[in-house]
Amino acid sequence: MQSQASDPARFPASEELSARTLRHETLLVLALSLGASAVSALISFIGSLTASGALADQSARLNTSRAPDRPWLDLAWQLFGIATALVPVVLVAHLLTREGAGGLRSLGFDRSRPGFDLGRGAVLAAAIGGSGLGFYLGALQAGFNLTVVPESLPHVWWRIPVLILSAIQNSVLEEVIVVGYLLRRLGQLDFSPWAALAVSALLRGSYHLYQGIGGLLGNMAMGVIFVLLYRRWGRVGPLVVAHALIDIVAFAGYALFAGKVDWLPTP
C-alpha cells in the first residue's frame with residue numbers, strides 16, 4: 001500500500017492557504033531556484049545554437065573557479081555558492097512547516113530510514129549512472145550535445161571535498177523541490193498524477209538544456225523514473241542519495257581521469 005507521502009493529491013489545500021496562494025507560492029519558489037535555472041539554461045542554449053561551430057565543439061562548464069589565483073578566496077566563493085543554493089530548500093521546509101505538514105519529513109527527507117534510503121539510492125545510482133553516461137556519449141557523437149566539463153577547479157587540497165559538497169547540494173535542491181515539493185503542490189492544485197509527472201520531468205530536463213538536446217531528453221527520462229519511484233516509495237531520500245552518488249562520480253571522476261582515458265570527452 002502506498003504511503004500518503006507518495007501521493008501529493010492526498011493533501012488538499014488548507015483553509016488558510018487558498019489555491020491562489022499555493023499557486024503563487026509555487027511560482028515564487030521556482031523563480032528563486034530551478035525555474036530561474038531553466039530560463040538561464042534556455043538562454044545559454046540559444047547562445048550555443050547561434051554561435052559559430054557545432055554543439056559538440058562547444059563546452060558547458062560546471063564547478064568553475066571564481067578566483068583561480070587566490071585559493072582561499074576561491075574556496076570562500078565555492079562554499080558561499082553551495083550554501084546560498086540551498087536557501088530555497090530551507091524556504092520549502094518553512095512553508096511545509098507553516099502548513100502543518102511536518103516540514104521536509106512529509107517528503108521523506110529525514111533520517112528515519114537511512115538503510116532504505118542508502119540501499120535503494122545506491123542501486124538506482126548504478127542503474128541510472130551507467131545508462132546516463134552512455135546516452136551522453138551517444139548524444140555528443142550525434143552532435144546534439146555540448147561537451148560537458150563537470151569541473152575546472154584549481155588543483156588544491158579542497159578540490160575534491162568541494163566537488164562532493166556541490167554534488168550533494170545539487171541532489172538535495174533538485175529532488176526536494178522538483179519531486180517532493182512540486183508534486184505535493186501540483187496535487188493540491190488538482191493536477192492529475194500524469195500531468196504532475198510531465199511538469200516535473202519537463203522542468204528537470206529544461207534546466208539541463210544548457211548541455212544540449214541530450215541533456216534535456218536524458219534528464220526528462222530521469223525525471224519520469226524518479227517521480228514514479230517517489231510515488232512508489234513515498235520518500236525523496238533514496239532519490240537524493242542516487243543523485244548525489246551520480247554527481248560525485250561525475251565530478252570527482254572527471255577531476256581524476258580527464259585527459260588520462262580516451263573515452264572521456266574533453267574540450
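Reply: The structure holds three aromatic pairs. Keep in mind that this is a predicted model, where local features need pLDDT of at least 70, side-chain atom pairs count only at pLDDT 80 or more, and totals for chains, interfaces and linings use all residues. Residues are numbered from 1 along each chain as its sequence is written, and side-chain values use heavy atoms, with hydrogens and water left out.

Me: Why is the pair of W77 and F80 called edge-to-face?

Reply: Rings of Phe, Tyr and Trp (its six-membered ring) pair if their centres lie within 6.5 Å; planes under 30 degrees apart are stacked, over 60 edge-to-face, the rest tilted. The centres of W77 and F80 are 5.9 Å apart and the planes are at 80°, so the pair is edge-to-face.

Me: What makes W77 count as partly exposed?

Reply: Buried means under 20% relative accessible area, exposed over 50%, and partly exposed in between (1.4 Å probe, protein chains only). W77 has 34% relative accessibility, so W77 is partly exposed. F80 has 47%, so F80 is partly exposed too.

Me: What kind of pair do F116 and W233 form?

Reply: Edge-to-face, with 6.0 Å centre to centre and 85° between the planes. F116 lies in helix α5 (residues 114–142) and W233 in helix α8 (residues 213–233), so the pair ties together parts 117 residues apart in sequence. Helices here are DSSP runs (H or I, at least four residues), numbered from the N terminus. Both F116 and W233 are buried.

How values were computed. Helix = DSSP H or I, 4+ residues; strand = E, 2+ residues; numbered from the N terminus.
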